[in-house]
Number of protein chains: 4
Amino acid sequence: MIRAGIVGGTGYTGVELLRLLINHPNVEIAAITSRTEVGTAVSELFPNLRGHLELHFTEPEPTHLADECDVVFFATPHGVAMDMVPALLARDTRVIDLSADFRLSDPVVWERWYGRPHAAPNLLAEAVYGLPEINREAIRQARLVACPGCYPTAVQLGFLPLLEQQLVDPGRLIADAKSGVSGAGRKASLGTLLCEASENFKAYGVSGHRHLPEIIQGLHQVSQTPVGLTFVPHLIPMIRGIHATLYAQLQQETDLQAVYEQRYATAPFVDVLPPGSQPETRSVRGSNMCRLAVHRPSAGNTVIVLSVTDNLVKGASGQAVQNMNLMFGQEETCGLTSIAVIP
Amino acid sequence: MIRAGIVGGTGYTGVELLRLLINHPNVEIAAITSRTEVGTAVSELFPNLRGHLELHFTEPEPTHLADECDVVFFATPHGVAMDMVPALLARDTRVIDLSADFRLSDPVVWERWYGRPHAAPNLLAEAVYGLPEINREAIRQARLVACPGCYPTAVQLGFLPLLEQQLVDPGRLIADAKSGVSGAGRKASLGTLLCEASENFKAYGVSGHRHLPEIIQGLHQVSQTPVGLTFVPHLIPMIRGIHATLYAQLQQETDLQAVYEQRYATAPFVDVLPPGSQPETRSVRGSNMCRLAVHRPSAGNTVIVLSVTDNLVKGASGQAVQNMNLMFGQEETCGLTSIAVIP
Amino acid sequence: MIRAGIVGGTGYTGVELLRLLINHPNVEIAAITSRTEVGTAVSELFPNLRGHLELHFTEPEPTHLADECDVVFFATPHGVAMDMVPALLARDTRVIDLSADFRLSDPVVWERWYGRPHAAPNLLAEAVYGLPEINREAIRQARLVACPGCYPTAVQLGFLPLLEQQLVDPGRLIADAKSGVSGAGRKASLGTLLCEASENFKAYGVSGHRHLPEIIQGLHQVSQTPVGLTFVPHLIPMIRGIHATLYAQLQQETDLQAVYEQRYATAPFVDVLPPGSQPETRSVRGSNMCRLAVHRPSAGNTVIVLSVTDNLVKGASGQAVQNMNLMFGQEETCGLTSIAVIP
Amino acid sequence: MIRAGIVGGTGYTGVELLRLLINHPNVEIAAITSRTEVGTAVSELFPNLRGHLELHFTEPEPTHLADECDVVFFATPHGVAMDMVPALLARDTRVIDLSADFRLSDPVVWERWYGRPHAAPNLLAEAVYGLPEINREAIRQARLVACPGCYPTAVQLGFLPLLEQQLVDPGRLIADAKSGVSGAGRKASLGTLLCEASENFKAYGVSGHRHLPEIIQGLHQVSQTPVGLTFVPHLIPMIRGIHATLYAQLQQETDLQAVYEQRYATAPFVDVLPPGSQPETRSVRGSNMCRLAVHRPSAGNTVIVLSVTDNLVKGASGQAVQNMNLMFGQEETCGLTSIAVIP
């Protein structure tokens, strides 16, 4: 059994990790921490877990976590993991960080977007970017995995086949992305109240969103040439789901459908839909799947890729478990086969 | 022109008051206050008001308000109005309080439910309970009107005809009430996040809700005998609307439909629906109407009354304007004729 | 492996059965029928099933079904099962009917509420009412199980402990019940459009709902005395979930919490919450659990029971699988342990 | 008083026209037709209108309509107006068509997109495209106005200033548009059920949507050069509102904010927001306003315009009333000043 710990278990990615790990046949949840809820039964905060988990929240203490856990997940706000990770690695406990702390390889870029110096810059080179569809082998060997953000997962999986094969102009990419409200996390705030966010739709972060440098870094790595990306996120009046509508300009003829199907033939969690499809976010709600469709209207030069994920699963906790499976020699899909709940 | 001021203009009842008063032909909005938003343009906070209102938020200062206003509305949390009202009345400015400060006539009961001593107990006797369907004449003369709560409005309008005529057992009343989330106000809190409150339904306050003593006080006044009421509020995953499902035990035969139609024949904002109707909350969304239907399944002893209102209009700001119209010799419906927006 | 067939697989209870049976370790889905979708791949209609199920819809033909299946589930509108069940039973295929055809033991009552004569009245005596919390042993032996309706499940589980022990007046029961829109099924209709049913709340069926005689039959069976029930269903603007708020009049003193905990101590899918709890529908979304809380405000005579289920799981397809487990000697919880998805 | 008739009054644009015209001081609603609801009181179908309108639905009969009405609105599915309009115009009744019948000036293009020959091609040249922000003067003189579609309104108002002044490359425009479900109309269909469309987001019509040729025709008219537009509509899980996110490539330097503010300085229903704004659809819900914001991230070459409208108001019925005001010498804003309902 893999002994797993979760730091920051009171947020949405935390409770989603619990749901997935409880059903994982080879994982034992050894510890779950929360500074604010020490001593509270987890099932008191999340009644869906009553009868499934007997754990109580504890203080996040690296030494204890290292003793009790083979792997620690950080489901914390940005800036927490980078303080605790060195102590865990030093004690041979592996780390899967769902926050942004180790996603950007350049500490200068990190500081610009996150507004403070990075606390563990020397670990940035070692951290493996946890998108298995690119880094599967590196993840298997990693001590420290930085799980991609929710938008970056949906956008990169959509653009990858086009950029890897230089099929489109990398300088003129557009990602019009839409996310359910759970992407904002479980914290009291005016903007995500039901009365503010339901029956409403809006863009945000148009002048610059923290996921932009992460996406550009990832796309640049596969395209080998500078990437120009316009990224506009929007808030959908619903709980879960990301829909990325991607636009690119073709620069050579090809069979796009075949390119996508071949690229993801061995990826268990990327489903390339038949030609003409328009994926729905609910088709992946609660599941680790990313569903893609590629379009070329009127056989013109504009390629449109539609990419849907559940921001809390493939966009966060599910991908974290997928990474764990790879790191610990498990079947990649282990514990991740549940079906999206429809309706 | 009636010069109106609003204290506490940043909440949902505040912005709803603005929407109604801007459209009122005989009102000029003279001042709107907010401690936290002093200097901010109102239309910056509420973009729906762009082009309709040029005002900025100011400090709530009773002397200035009294100078500038004929009437001041309090759209504040409980406990604010009772501190400021005496100064306003002393300067001959009339007050319409949308909070709970002057709803309960007994300061001991008030203290028990609101957890602190009442600051102006000597005004409780003077305050008129602002339910025009009971107190129309008293409201016309009032200096200080206490607007009913949202649940109390829907529940009392539903039960009144039955209790006034002693048609049902007053000791065995049940009000199963449901409210949209806007009833909780515009403040950051976990429980009213879209991710917590949408796709979800639950009861709350089963062991005792502050609207219970208010409803009992009101029903007792008309029934003349002690009232026994079981009141269970629930949270509906939507923004606006209250639906009260009321149960009572008949104790004499009567034509219930006729009783209701006669009782409300001259009430411009109570609409008794035809027999067999089942009113929808959306039929009153954004409007000051209360729609009622009375049922007696299988001609048995149980009377069921269905009562719907918009909690922010007839349950708060619309009723406040209705009271203002009465206090200032306006047509009762003035500024309140807008139609519910469907769909 | 249990070979299972589904008649009427294009509705919401059908797709939910698929989701549950695909994950059941000891079930093989042998056939799924739909008159209107013969030849269509199931995963084309329900893209959440892509990669999980290769089946196509076939014609509903009893002889073939009997050959291929050990058990056939009917997820059909009322009136379909009663025509096909005799042929299946004659060929030793067992039947679990999710429709209303075999729920009422009296064919006269059935005809009154469903508007046509019953096609297989001689089977009504044999059919076992599939509420395991009452009929567990009978279900184990049954050839034909009639799964309870969604409201009847939530309401009966809530009232049972009170009526079995004669703790309340059986003549004065009130069930104020609320359901998500999926209870209306997957069929095009004006009333359940998003634009009609969202941001809206209303009662329906106040003068008489088909679940009323079913609930009364079930409660009468345990109370041994005539039952008087007022039942008002309402439509909640959300997809899944039932919340029943039940009112009864105590007629003897008792420790209500203990009564409930003892009654359901061995029921794996009924969770009695701690005193003071107010269960949320989302805590059971996608799961087979019913969560209950019992209240007695101000230690008065009115008992309030709050009961939540997922109408498509414990209220339909999950309960059907629970029945199948009992009928085929499986662990009662087999395939039914998935956790509610929150948020 | 302007005597107005509505053909096809049972849909969402019909009921919205009623809401607006009832509040219009100089309009009398003379007739409202529906083949399927002849004799039904309008307020029975739309309970929000109880007390506001006494009309019943009648047969759509051109001679009667011409006698009773100065203007007839068509709130019908495509293909109805073109059959009836000639008879109305022949009797000097003016027509405002909310359907697509007279939007495209080329009958060949119309036939290609709507799948049948146009029934009144000789009127296409006379019909004035009812976007007042372009055609204000022509509308004043028009006998027949073709109201723009909902997407075309939001998209054209967003692109117009850029194209009129040749600021961007007209061959590389992208409109990523999102609409609430009411855009699909009030008709029973699976795809717009609450259980299908809520908690879900998807693109549709990616390979070609009927609004595409309409938008291209309109943009071409102002740009004077061929327009290349990629248009992807999406369905938002809410009732009302359109959000268009527009992308274009700058081809000359300019002060974009000033361009927009000047272009719409005299347009009463286009509100250019301050720099950096991100308009919300709810800020125009129920109102005839279009709110725009223009962005140029990182001072690059990509211009982003955000444009929001209420698809049933500025995108349909409100714009129709705006056109009527112009045609009948009314103040352009008459009857259209109601404020968006927030929350």
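**Exercise 1. Locate Cys150(A) in chain A and decide whether Cys150(A) is buried or exposed.**

Step 1. Cys150(A) lies in helix α7 of chain A, residues 150-164; helices (H or I, at least four residues) and strands (E, at least two) are DSSP runs numbered from the N terminus. The model is predicted: local features need pLDDT of at least 70 and side-chain atom pairs count only at pLDDT 80 or more, while totals for chains, interfaces and linings use all residues. Residues are numbered from 1 along each chain as its sequence is written, chains are lettered from A and ligands numbered from 1 in the order in which they are written, and side-chain values use heavy atoms, leaving out hydrogens and water.

Step 2. The relative accessible area of Cys150(A) is 12%. Buried means under 20%, exposed over 50%, and partly exposed in between (1.4 Å probe, protein chains only). Cys150(A) is therefore buried.

Step 3. Leaving aside residues up to four places away in sequence, Cys150(A) touches His211(A), Ile242(A), Asn311(A) and Gly315(A) (contact: heavy atoms within 4.5 Å).

Step 4. An unreviewed UniProt entry annotates Cys150(A) as "active site"; such annotations may be inferred rather than shown by experiment.

**Exercise 2. Describe the interface of chain A and chain D by its contacts and buried area.**

Step 1. In chain A, 38 residues are in contact with 38 residues of chain D.

Step 2. The two chains bury about 3400 Å² between them, 54% of it on carbon and sulfur atoms. Buried area is the accessible area (1.4 Å probe) lost by two parts on being put together, summed over both. Glu199(A), Phe201(A) and Val206(A) supply 19% of what chain A buries against chain D, more than any other three residues.

Step 3. Six salt bridges cross the interface of chain A and chain D (a side-chain nitrogen of Lys or Arg within 4 Å of a carboxyl oxygen of Asp or Glu). Glu280(A) forms a salt bridge with Lys202(D), with the closest N and O atoms 3.7 Å apart.

Step 4. β7(A) gives the most to the side of chain A that touches chain D, with four residues.
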